[in-house]
Amino acid sequence: MAMEPELHPDLKPLEFLLGTWEGAGVGDYPTIEAFNFGQEVSFTHNGKPFLIYTSRSWLIEEDGSLGRPLGTETGYWRPQPDNQVEVTLAHPTGIVEIYVGTVAFNRVEMQTDVVARTRSAKEVTAGRRLYGLMPEKDGKRDLGWVYEMAAMGQPLQAHLSAQLKKVG
């Protein structure tokens, strides 16, 4: 059985993200109907100076049960000098995003530097994300996040948000 690798010192500002987080969120956009979703996010490391990120989500039906799969993404979070971060995300829908941002006080704010897409992917032109620990409640802190998107001819605006609890 492999031992947990030692955390690379460059990852210290992002250490608060490590683990598996689960919870629920809401989504809306002018081109779709509003919806609720369940989500699982995982931040892991292998001892090198980057976090390994995966996210999966499912529709929450009106009766509260989990429905069909929704978005999934995977990528890498790379800390940079002066509390900066670079994030690469790939989506199976044919979209790849490169984000740049800042890390401070258990919070990451970032915006797209590049969005690329395959010929068959929907048009996404920009994104902005915020990840951060919520105020402590019952001795624990949830992870909240917000995603703003510019897509399908629409300007940058709120699209997704969720509140996730650490599991395990």
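Biologist: By class, what does the lining of the largest pocket have?

Modeller: Start with the general idea: rolling a probe the size of a water molecule over the atoms shows where empty space is left. In this predicted model, the lining of the largest pocket has 15 nonpolar, 9 polar and 7 charged residues.

Biologist: Okay, and how much space lies in that largest pocket?

Modeller: About 900 Å³. The pocket is lined by 31 residues. If you want to find its centre on screen, look for Gly71, Thr93, Met149, His159 and Leu160, which lie nearest to it.

Biologist: Which elements give two or more residues to that lining?

Modeller: They're strands: S2 (32-44), S3 (51-60), S4 (66-80), S6 (95-103), S8 (124-133), S9 (143-151) and S10 (157-167).

Biologist: Now the second largest pocket. How much space lies there, and which residues are closest to its centre?

Modeller: This one holds about 260 Å³. It has 13 lining residues, and Lys137, Lys140, Arg141, Asp142 and Lys165 are the closest to its centre. S10 turns up again, giving the most to this lining with 3 residues.

Biologist: And how does its lining split by class?

Modeller: Here you get 5 nonpolar, 1 polar and 7 charged residues.

Definitions and conventions: Residues are numbered from 1 along each chain as its sequence is written. This is a predicted model: local features need pLDDT of at least 70, side-chain atom pairs count only at pLDDT 80 or more; totals for chains, interfaces and linings use all residues. Side-chain values use heavy atoms; hydrogens and water are left out. On a 1 Å grid over the protein atoms alone, a cavity is a set of points where a 1.4 Å probe fits but cannot get out, and a pocket is an open set with protein on both sides within 12 Å along at least five of seven lines; lining residues have an atom within 4 Å of a point. Grid points are joined across faces, edges and corners, and a volume is the space filled by probe spheres set on the points. Helices (H or I, at least four residues) and strands (E, at least two) are DSSP runs, numbered from the N terminus. Ala, Val, Leu, Ile, Met, Phe, Trp, Tyr, Cys and Pro count as nonpolar, Asp, Glu, Lys and Arg as charged, and the others, Gly among them, as polar.
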